[in-house]
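Trainee: I would like to learn how to read a protein model, one feature at a time. Where do we start?

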Amino acid sequence: MLSRLLASSRIDPFLLMILTTVAIAAVLPSHGAALTFFSWASKVAIGLLFFLYGARLSSSEILHGVRHWRLQGFILATTFVAFPLLGLAFKGFVPALLGQPLYLGVLYLCVLPSTVQSAIALVSVARGNIPAAVVAASASSLLGIFITPVLVGVLMSTQGGGFNGSAVGEIFVMLLLPFLAGQVLRRWIGRWVKEHGKPLKVVDRGSILLVVYVAFSKGMNEGIWSSLSVGRLLVLALVCLLLLGIVFGLTWAISQRSGFSREDSVTILFCGSTKSLATGLPMATVLFADQPVGLIVLPLMLYHQFQLLIGAMIATRLDKRAPEPAAVAA
């Protein structure tokens, strides 16, 4: 798919914007006050994204997302069971190739919750089941605050494990409050939001661009990309791509063969395969206080970029192939 897309005469504008954002962050990363500004801007964009989702979705759609226990269970099992098992399976060759600290980073990546804003935005671009995605990604993020430290302690024998409790409040302020506000105001602005769905896509895609820029800027500022040889960095990138490819393939194939609809399969694909950089970085500073945190989070940072870049390509391709939705009575 990637080779066909890049070889095609028309490059998708969204993909071009992401690659341009990566290049800008690599050449002109934000520092200090500017980075703080962009970080807050990304949070505002995420809040607006969830406000619009709240204004778009009816209560019946939300209840349907919550009640779709089979889909929710599939996503949670992928995130907190299948991923850790893959991480353990990688022990057969990753430590020999990259060393123990980087392998611990790969294993740490595998026990993290799903990302929220990026997964839902990708589901939206690909026209998946957005209500179920909101529930799945939010539940994964909230549960991950408690499940991830436990998995780290069990699988990695980390001493003094813990988590950043402020993440609970941040999730509430950034995601749930805007979503609830959109629900409250839906009776007055819901029709307008639905009528302007195409222009408002800039919020979906703009949030991804901001996340990409902030993530790459932080990596450049911390000098993580220059702490390894080019050869080891390339091998690590291949390991992350292999992990992402396996999960993409498994989630899509199994969901299709398990009788899920196209929209549900799209939701499983993105909510089940993405990992949260926003949760993983602060949590790592607590869980690995006496270990090389920079090396441990490097696989997460690489994986995060790949999930955005490749996820965006897949999402836009799925969007083009999606059937037009049938009209629904108000």
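Predicted model: local features only at pLDDT ≥ 70, side-chain atom pairs only at ≥ 80, totals over all residues.

Trainee: Then the charged pairs come first. How many salt bridges does the structure hold?

Mentor: A salt bridge needs a side-chain nitrogen of Lys or Arg within 4 Å of a carboxyl oxygen of Asp or Glu. The structure holds one. Asp319 pairs with Arg127, and their closest N and O atoms are 2.9 Å apart.

Trainee: Are the two partners buried or exposed?

Mentor: Buried means under 20% relative accessible area, and exposed means over 50%, with partly exposed in between. Asp319 has 14%, so Asp319 is buried. Arg127 has 25%, so Arg127 counts as partly exposed.

Trainee: What is the phi of Arg127?

Mentor: Start with the general idea: most residues other than glycine have a negative phi. Arg127 has a positive phi, near 60°, and is a residue other than glycine. Arg127 follows H8.

Trainee: How many residues of H8 are buried?

Mentor: Nine of its nine residues are buried, and H8 is described as mostly covered. Among them are Gln117, Ile120, Leu122 and Val125.

Trainee: I also want to read how helices pack. At what angle do H8 and helix H13 cross?

Mentor: Angles under 35 degrees count as roughly parallel and angles over 145 as roughly antiparallel. The axes of H8 and helix H13 (residues 262-273) come within 9 Å and cross at roughly 155°. That makes H8 roughly antiparallel to H13. The crossing of H8 past H13 is right-handed.

Trainee: Which way do H7 and H12 run, parallel or antiparallel?

Mentor: Take the angle first. Helix H7 (residues 100-110) packs against helix H12 (residues 230-257) at about 25°, and the axes are 12 Å apart. H7 and H12 are therefore roughly parallel to each other. H7 passes H12 in a right-handed crossing.

Trainee: Now the surface. Which residues form the nonpolar patch?

Mentor: The patch consists of Val173, Leu176, Leu177 and Leu180, and together they have about 320 Å² of accessible area. Leu176 is in helix H10 (residues 166-195). With 30% relative accessibility, Leu176 counts as partly exposed.

Trainee: What separates Gly206 and Ser42 in sequence and in space?

Mentor: Gly206 and Ser42 are 164 residues apart in sequence, and the C-alpha to C-alpha distance is 8.6 Å. Gly206 lies in helix H11. At 22% relative accessibility, Gly206 counts as partly exposed.

Notes:
Residues numbered from 1 in each chain as written. Heavy atoms only, no water. Patch = residues over 30% accessible without salt bridge, like charges linked within 9 Å, V, L, I, M, F, W, Y side chains within 5 Å. Areas by Shrake-Rupley, 256 points an atom, 1.4 Å probe, with all protein chains shown as cover. Helix = DSSP H or I, 4+ residues; strand = E, 2+ residues; numbered from the N terminus. Buried < 20%, exposed > 50% of the residue type's maximum accessible area, 1.4 Å probe, protein only. Axes fitted to C-alpha atoms, helices over the stretch in contact; angles between N-to-C directions. Parallel < 35°, antiparallel > 145°, perpendicular 65-115°, else oblique. Left-handed = near helix turned anticlockwise from the far one by under 90°.
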